Amino acid sequence: MIEPDQLLRRIRAREKVGEFFLAYDIAQRGIELFPRNRELRYRAVLVLARAGATELAVRKYLELTLDRARDIDSRSLYPRLMKDRALAAPIDRRPQELAAAAKKKKKIYRETTDS
């Protein structure tokens with residue numbers, strides 16, 4: 001039986017060579033086998049973001065309930081998606097959307113660190 005760590009190694013190997021959609025497919029298979037594995041869910045969304053599939057990544061982020069995760073990686077992924085959306089927005093909306101992403105990231109940082 002395959003283990004989550006083996007799948008994660010395969011995902012990272014595909015990421016290293018820019019095969020983001022293949023990495024996503026592997027992550028999806030892993031999620032089917034290990035639906036509660038947070039790292040597989042996180043990686044699935046991250047590789048979509050890296051592939052430039054921002055809107056699909058946002059939908060998956062919510063569908064995979066990463067918005068309810070407590071770890072900093074999962075929580076910080078959403079502001080990254082907000083930033084990606086902002087960069088794709090019409091130029092007149094970019095400053096506000098980038099500011100909102102930065103504000104969200106700063107809030108998460110304060111909530112997840114000891115400072």
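This is a predicted model: local features need pLDDT of at least 70, side-chain atom pairs count only at pLDDT 80 or more; totals for chains, interfaces and linings use all residues.
1. Contact here means heavy atoms within 4.5 Å. Setting aside neighbours within four places in sequence, alanine 101 is in contact with Pro79, Met82 and Lys83.

2. Where does alanine 101 sit? Its place is in helix α6, residues 94-112. With a relative accessibility of 5%, alanine 101 falls under the 20% limit and so counts as buried.

3. Next, have a look at helix α4 (residues 54-63) and helix α5 (residues 72-88). Their axes come within 10 Å and cross at roughly 150°. That angle is over 145 degrees, so α4 and α5 are roughly antiparallel to each other. The crossing of α4 past α5 is left-handed.

4. Which residues of α4 meet α5? From α4 they are Thr54, Glu55, Ala57, Val58 and Tyr61, and on the α5 side they meet Ser74, Arg75, Leu77, Tyr78, Leu81, Asp84 and Arg85. Sorted by type, the residues of this contact are six nonpolar, four charged and two polar.

5. Now for the rings: the count comes to one aromatic pair. Tyrosine 61 and tyrosine 78 make a tilted pair, with 5.3 Å from centre to centre and 40° between the planes. The pair links distant parts of the chain, as tyrosine 61 is in α4 and tyrosine 78 is in α5, 17 residues apart.

6. Are these two tyrosines buried or exposed? Tyrosine 61 counts as buried, at 3% relative accessibility, whereas tyrosine 78, at 22%, counts as partly exposed.

Conventions
Residues are numbered from 1 along each chain as its sequence is written. Side-chain values use heavy atoms; hydrogens and water are left out. Axes are lines fitted to C-alpha atoms, for helices over the stretch in contact, and angles run from 0 to 180 degrees between N-to-C directions. Helices (H or I, at least four residues) and strands (E, at least two) are DSSP runs, numbered from the N terminus. Angles under 35 degrees count as roughly parallel, over 145 as roughly antiparallel, 65 to 115 as roughly perpendicular and the rest as oblique. A crossing is left-handed if the near helix is turned anticlockwise from the far one by less than a right angle, and right-handed if clockwise. Ala, Val, Leu, Ile, Met, Phe, Trp, Tyr, Cys and Pro count as nonpolar, Asp, Glu, Lys and Arg as charged, and the others, Gly among them, as polar. Buried means under 20% relative accessible area, exposed over 50%, partly exposed in between (1.4 Å probe, protein chains only). Rings of Phe, Tyr and Trp (its six-membered ring) pair if their centres lie within 6.5 Å; planes under 30 degrees apart count as stacked, over 60 as edge-to-face and the rest as tilted.
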